[in-house]
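Trainee: I have a model open and would like to learn how to read it. Could you take me through some features one by one?

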Amino acid sequence: MNILDNYQKNKKNIFFTENKDVQNYREKLLTIFENDRFDRKNNESLKNINLKNFFDFKYKYLVPEEISVINNYQDDNYSIVSINGQCSNFKDDKIEITKILDEDYNDFSKNNIIEKNDHFVNLNSLFLNSGFKIVIKKNNNIKIKISNIVTDDALTIFQKNNYFCEEGSSVSLIEEYENKNNSTSNILNVIKLEKNSKFNHFLIQDNSPNHNLIITSHSSCKKASTYNQKVYNFSEGYVRNFHYSKLLETNSEADLQGIFFLKDNNTSNNKTFVKHLAGECKSNQVYKGILNDRAKATYFSNTHVDQVAQKTEGYQLSKGILLSDNASYFSKPELKIYADDVKCSHGSTIGPIDENAIFYLRSRGMSKIAATKMLISSFINEELSSIDDEQMFQTIQKKLVRYLSKVK
Amino acid sequence: MFLEIKDLSVKIENKNILKSLNLNINKGEVHAIMGPNGSGKSTLANVLAGKEDYEILNGKIIFKDNDLFDLNIEERAQEGMFLAFQYPVEIPGVNITPFLHSAINSKRKRMNQDEIDNLSFAKLLKSKASDLGINIDMLKRSVNTGFSGGEKKRYEILQMSILNPDLAILDETDSGLDIDALKIVTDGVNKLKTKDNSFLIITHYQKLLDYIKPDYVHVMVNGSIVKSGGSEIAAEIEKDGFQKFQ
Amino acid sequence: MIIVNSETLNTLDSYSKNKYKYGFVTDIDSEKPRKGLNEKIIKYISSKKNEPSWLLEWRLSSFRKWKKMKEPDWANLNFPKIDYQDIYYYSAPKGFKDKPKDLSEVDPKLIETYNKLGIPLEEQKVLAGVAVDVVFDSVSVATTYKGELEKLGIIFCSIGEAIQKHPNLIKKYLGSVIPPGDHSFSALNSAVFTDGSFVYIPKNVKCPMELSTYFRINSENTGQFERTLIIADKGSYVSYLEGCTAPKRDDNQLHAANVELIALEDAEIKYSTVQNWYPGDEEGKGGIYNFVTKRGLCAGKNSKISWTQVETGSAITWKYPSCILKGDNSIGEFYSVAITNNYQQADTGTKMTHIGKNTKSKIISKGISLGKSQNTYRGEVTFLRKSDKARNYTQCDSLLVGNQCGAHTVPYIDSKNNTAVIEHEASTSKINEDQLYYCRQRGLSHEEAVSLIVNGFCKQVLQELPMEFAVEAQKLVSISLEGSVG
Ligand SMILES: Nc1ncnc2c1ncn2[C@@H]1O[C@H](COP(=O)(O)OP(=O)(O)O)[C@@H](O)[C@H]1O
Ligand SMILES: [Mg+2]
C-alpha cells in the first residue's frame with residue numbers, strides 16, 4: 001500500500017492528528033513523498049535500501065494491552081519495559097516519564113531542517129503512533145535500562161522519544177532491542193543536554209532476521225555537556241543507525257561510536273554527523289564493522305565545523321573487515337570546515353583480516369579459524385574493554401561468541 | 001648599551017610569568033641564566049625573539065640602540081638576534097639548505113650586503129657542518145623533521161654559526177645531549193665567540209658552564225632575577241639546588 | 001595574540017592583491033561565427049576542420065544527448081547558471097585557414113604573446129628537451145620538435161590534424177574512455193570540441209622528451225573546448241605536460257575540456273597539469289569556469305597512469321582526473337595541489353576504479369584555502385568484485401590560512417572485494433604558528449615563511465612534476481599565496 005493510502009486510512013489512529021500545525025506539516029511531507037524520485041544513489045537515507053520493503057508497507061499498530069513496568073530498584077537504577085513504543089507515566093524526585101506530547105513533537109518538526117532528505121524520519125513524523133518523554137532532573141546521577149518490546153508480527157511502530165537532561169545531571173542509559181517478530185520499528189530520539197550534563201547512551205541491537213529497526217537520534221549539547229553513544233549491532237535483521245549531534249555551546253563534546261557484525265544477506269546503514277557550532281568543542285566518530293557472507297554496509301560520517309567554532313578538535317575513524325567474497329562496504333567520511341584554528345582528521349580502512357597476523361598466529365600453532373576469531377575479537381577489543389557495566393559486558397560478550405561461532 | 005632589559009613584566013593567558021625583570025648585557029659578554037623549571041626562562045627568550053603570544057604589561061628592551069618592541073620577529077633576527085630553541089619545531093617538506101640560504105640572504109639584504117650565491121653557500125654550509133660533526137646527508141633532510149633530540153640541538157648550533165648573530169640566546173641547548181655532543185656544541189659556541197658578540201645561555205644544569213665560561217650568572221626564580229654574580233653561583237646551585245633562592 | 005592576528009591579516013591582505021601576470025590580451029583579429037549553440041555551429045566547426053561525416057554525426061548525436069542532460073549538481077560549487085547561448089564556440093586568429101607550415105607563417109603577434117608567457121616557440125629557444133603544441137583559442141598554432149619525434153614514429157600533433165591524417169586511431173579511441181553521454185560537460189565537449197592535442201606512442205618507444213601543450217584563451221566570451229587523446233601502445237612511455245592561461249576579463253569564460261588517456265600493456269603515461277587560468281579579481285569578478293573531464297584507462301596488464309596537477313587558477317574548478325584500472329597489476333596515481341584564494345571555488349579530486357587483479361592506486365591531495373575561497377577534495381575509490389588483492393592508499397591534507405575560507409574533504413570509499421585493502425587518511429588544520437615563528441626567528445619575512453611552509457606542505461606532490469616544471473610550479477605556488485611577488 002502506498003504512503004498516501006496508509007495515511008488516509010489510519011489518520012485517526014496516528015498521534016496529534018487533531019493539531020492543525022501538525023496536519024499542515026504532514027501535508028507537506030506527503031507532497032515530498034509524492035514528488036521525490038527516490039534516488040538511491042545520491043540520497044544517503046536510501047542507499048542499499050529495498051524501497052518496496054519500506055515505502056510500500058501496510059500500516060498496522062496495536063495499542064499494548066498490558067501497561068509497561070517501571071521499576072526503581074536500588075536507589076538510582078530504573079528499569080523500564082517499553083511495549084510497542086509506549087510506556088506508562090512515572091515521577092519521582094529524580095526523573096519524570098510521560099507520554100509524548102504534541103508540543104514535543106512540534107518542537108522537533110520545526111527544527112527539522114537538517115533532514116529534508118531523510119525519508120525515514122519523514123515517515124516517522126507522518127505516522128507517529130508511540131513514544132515517551134524522560135526528564136532527568138537537575139544534578140541527579142542515575143542509571144536507566146529500557147527493554148524495547150514489540151508484541152506482534154507485522155507491526156509498524158513509529159515512535160518518538162524525548163530525553164531532557166537538566167543542568168548538572170548525569171545519566172547512563174542502556175537500551176536493548178531484541179525482537180523475534182517481523183515488525184518494523186522506526187524510532188526517533190531527540191536528546192537535549194543542558195549545561196554540565198552528561199549522557200552515556202548504549203544501544204544493544206539484536207533482532208531476528210525479519211525485524212527491521214530504524215533508529216535516528218538528534219542530540220544537542222549546551223555548555224560543557226557531553227553526549228556519548230555506543231551502538232552494538234548484532235542484529236540479523238536490517239538496522240539503520242543514523243545519529244546526529246550538535247555542539248551548541250563551548251566545551252561540549254560528542255562521541256558517537258558503533259560496532260556492527262553482519263552476516264548472511266543482512267544490510268546495515270550507518271551515519272554519524274557532528275555539527276560544531278561553538279568553539280573549543282570536541283567530537284569523535286568511530287565505527288567498526290565486520291561483514292561476512294553477502295552482507296552489505298554503509299557508513300557516512302561527517303564533521304561540520306562552523307566559522308565560529310575555533311579550536312575545534314574533531315576525529316573520525318571508520319574500519320571495515322570483509323570476511324567474504326560477496327560482502328561489500330561503502331564509507332564516506334566527510335569533513336566540512338569553515339573555521340581555521342581546528343584540528344580535524346579522519347582515517348578509514350577496509351580490507352580483509354591482516355594476513356601477516358594470521359600467519360603469525362598459525363606459526364604459533366593456532367588453527368586458521370581460531371586465528372581469525374582471535375583477530376576479530378582484537379579488532380573490537382577497545383570497544384569491548386571500555387564497557388564498565390559488568391552485566392552489559394557479559395551480554396555483549398555472549399553475542400560476540402554467537403557471531404564468531406558462525407564464522408568459518 | 002648592547003642589550004638592556006628594564007622592568008619587564010609579561011603575562012600569558014591571564015598568568016603573570018615575568019615580573020619586573022632587569023638584565024643588562026654588554027658587547028662581548030657571556031651571561032648565563034639558571035633557574036628551576038617553570039621559572040620563565042623560555043618565556044624571556046621568546047619575548048626577546050618577539051614571539052607574539054605574550055602580553056607585555058610593562059618594561060622596555062633596548063637592543064643595539066633600537067627599541068626592541070618596534071621590531072617584529074624577522075627584523076630582530078636580521079638585526080642579529082638568534083634564538084636556539086629549547087624545542088625546535090619540525091617543518092616537513094622544507095629543505096634545510098634552501099631554508100638557511102634564504103635566512104642568511106634576508107639578513108644580508110637588511111645589512112645592504114650582496115646576496116650569497118648558491119655555490120658559496122653550499123661550501124659554507126658543508127664546512128660548518130663538518131666542524132660540528134654533522135653528517136652531510138642530514139643537510140638533505142627537511143628542517144628538524146625526524147631528527148633526534150640531539151640532532152635538533154646540533155642543527156640549531158649549525159644555524160647559529162652560519163647566521164653569525166650579535167646576540168645568541170641558547171635555551172637549554174645542553175639538555176638531551178650526551179657528553180660528546182655537548183663538547184661539539186660548546187666548541188662551536190666558543191669558536192664563534194668574539195669581543196663583538198654576546199651570549200645568553202639558559203640552562204638548569206651547571207655542566208654546560210664547565211665548557212662555556214660565563215662572565216655573569218643570574219638566578220631566575222618565579223619570573224625575576226633573584227641573584228646575579230660570577231661563576232661561583234653556578235657551583236652554589238650545583239651543591240644546594242635552587243631551594244635557597246626561592 | 002592580538003599582534004599575531006593583525007600581522008596575519010596584513011599578510012592575507014597582500015595575498016588578496018594577487019597579481020595575475022598572464023592577464024594581458026593579444027590584439028589580434030579573429031574569425032568567429034555567431035554566439036550560440038545549435039546544430040548549425042556544430043556543422044560550421046566540422047566543416048571548418050574539414051572533418052569526415054562520421055565525426056560530424058558523432059558531434060551531432062552528442063549535442064542531442066547534451067540537450068537532454070542536466071549539469072551535474074553534486075559538487076560543492078556556487079555559480080550563476082551558464083548561458084550556453086551567450087558563448088562563441090569557435091574562434092581562430094584570422095588568416096588561419098590552414099595551420100602554418102612553419103613558424104615564419106605564424107603571425108608575429110602570436111609569437112610575441114607566447115614569448116611574454118614564457119613559452120618561446122622558436123625551437124632553439126624551447127626549453128631543452130620539451131616539445132610544445134600551442135593552442136590559441138580554438139586552434140593549434142604550432143607544434144615544435146615535430147621532426148625529431150616523427151623519426152621515432154611518435155605522433156604529436158593537434159587533434160584536428162590527427163583527424164585528417166590518422167582517422168583510424170581517432171575512430172577507434174575517441175570517446176572510448178569518456179563516452180559523450182557520460183555527463184553534460186562531456187556531451188558538450190564532444191559536440192563542439194575545437195582543438196587539442198593528439199599523441200600516439202608506438203610499441204616499445206620511450207618518448208625521449210616531455211610533450212607539452214600550452215592552452216590560451218584570448219578572445220572575449222569564447223569557450224574553450226579542447227580535446228586531448230593520448231595513446232601509449234604496448235611497452236611505451238610518455239610524459240605529458242599541460243599549461244594554461246587566459247587574459248583578465250570581467251566576464252566568466254567557460255572551459256570544458258576532455259582528456260582521454262589509454263595505456264596498453266606495460267605502457268606508462270604521466271600526465272602533469274599546471275592550471276593557471278585567470279582566477280578572477282579580489283571581488284570575485286571574472287575568471288574561468290573550468291569544467292574538465294580527464295580520464296585514463298589502464299587497458300593492459302602492468303600499465304600505469306599517473307596524474308599530477310597543480311591547480312591555482314580559475315574561478316571555478318570542477319575536475320576529477322581518474323583512472324580505470326582494468327588491466328591486471330595496473331597502477332593509477334593522483335597527486336594534486338589545489339590552492340584557492342579570494343572567491344575561488346575548487347571541487348577537485350579523483351576516481352580510482354579497480355577492476356583488474358592486483359591493481360594499485362595512490363592518491364595524495366593537498367588543498368590550501370585562503371581569502372574567502374572554498375576548496376573541496378572529492379574522491380572515489382572503488383574495488384569491484386574481481387579486483388583481488390587490489391590496494392589503495394589515500395592521503396588528503398588541507399591547510400587553512402585565514403578564517404573566512406572553507407576546506408572540505410569528501411571521499412567515497414566502496415569495497416566489494418574481501419582481499420582488497422583501502423587505507424585512507426585525511427587531516428585539516430591551520431598553518432602552524434610555531435613553524436612560522438621558527439622561520440621568522442631565522443630572519444624570513446612572514447610572507448616568505450608562509451610560502452616556504454606551504455611549499456613544504458605540497459612537496460610530496462610537486463616532486464612528482466617533471467624537473468623543468470617543478471621549479472616553475474613552486475614559484476606559482478608562492479605567487480598564488482603572495483600575489484605581490486609575481
Ligand atoms: N603558551 C603558554 N600558555 C600558558 N602558560 C604558559 C605558556 N607558556 C609558558 N607558560 C607557563 O609559564 C611558566 C614559565 O614557563 P617557561 O618560560 O617555559 O619556563 P622555563 O623555561 O623556565 O622552564 C610556566 O608555568 C608555564 O606553564
Ligand atoms: Mg624552558
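This is a predicted model: local features need pLDDT of at least 70, side-chain atom pairs count only at pLDDT 80 or more; totals for chains, interfaces and linings use all residues.

Trainee: Happy to start with the ligand. Which residues are around ligand 1?

Mentor: A residue is near a molecule if one of its heavy atoms lies within 4 Å of it. Around ligand 1 these include I12(B), E13(B), K15(B), I17(B) and the run from P36(B) through N37(B), G38(B), S39(B), G40(B), K41(B) and S42(B) to T43(B). By type, the shell has 3 nonpolar, 6 polar and 3 charged residues; here Ala, Val, Leu, Ile, Met, Phe, Trp, Tyr, Cys and Pro count as nonpolar, Asp, Glu, Lys and Arg as charged, and the others, Gly among them, as polar.

Trainee: Which element gives the largest share of that shell?

Mentor: Helices (H or I, at least four residues) and strands (E, at least two) are DSSP runs, numbered from the N terminus. The largest share, 3 residues, comes from α1(B). Both β2 (15–25) and α1 (41–49) of chain B supply at least two residues each.

Trainee: How do I read the polar contacts of ligand 1?

Mentor: Look for a pair of N or O atoms within 3.5 Å; within protein, one must be able to donate a hydrogen and the other to accept it, and residues adjacent in sequence count only if both atoms are side-chain atoms. A polar side-chain atom of T43(B) is 2.5 Å from an oxygen atom of ligand 1. From the backbone, K41(B) places an N or O atom 2.9 Å from a ligand oxygen, and S39(B) has a polar backbone atom at 3.2 Å from one. The protein covers 66% of the 560 Å² of accessible area that ligand 1 has on its own (Shrake-Rupley method, 1.4 Å probe; for residues, only the protein chains shown count as cover).

Trainee: Which protein atoms are the donors of the magnesium ion?

Mentor: Donors are N, O and S atoms within 2.8 Å of the metal (3.2 Å for Na, K and Ca), and sites may look incomplete because water is not among the atoms. For ligand 2, the magnesium ion, they are OG of S42(B) and OE1 of Q86(B), 2.1 to 2.2 Å away. S42(B) sits in helix α1 of chain B and Q86(B) in the loop between β6 (81–84) and α3 (96–110), 44 residues apart.

Trainee: Is Q86(B) buried or exposed?

Mentor: Buried means under 20% relative accessible area, exposed over 50%, partly exposed in between (1.4 Å probe, protein chains only). Q86(B), at 17%, is buried, and S42(B), at 23%, is partly exposed.

Trainee: What does the side chain of E44(A) join in a polar contact?

Mentor: The side chain of K332(A), at 3.3 Å. E44(A) lies in the loop between α2 (20–35) and α3 (51–55) of chain A.

Trainee: How should I read a positive phi?

Mentor: Most residues other than glycine have a negative phi. N164(B) has a phi near 45° and N342(C) about 50°. N164(B) is partly exposed at 45%, whereas N342(C) is buried at 10%.

Trainee: How many helices and strands are in chain C?

Mentor: There are 11 helices and 23 strands, and 65% of the 486 residues in chain C are buried.

How values were computed. Residues are numbered from 1 along each chain as its sequence is written. Chains are lettered from A and ligands numbered from 1 in the order in which they are written. Side-chain values use heavy atoms; hydrogens and water are left out.
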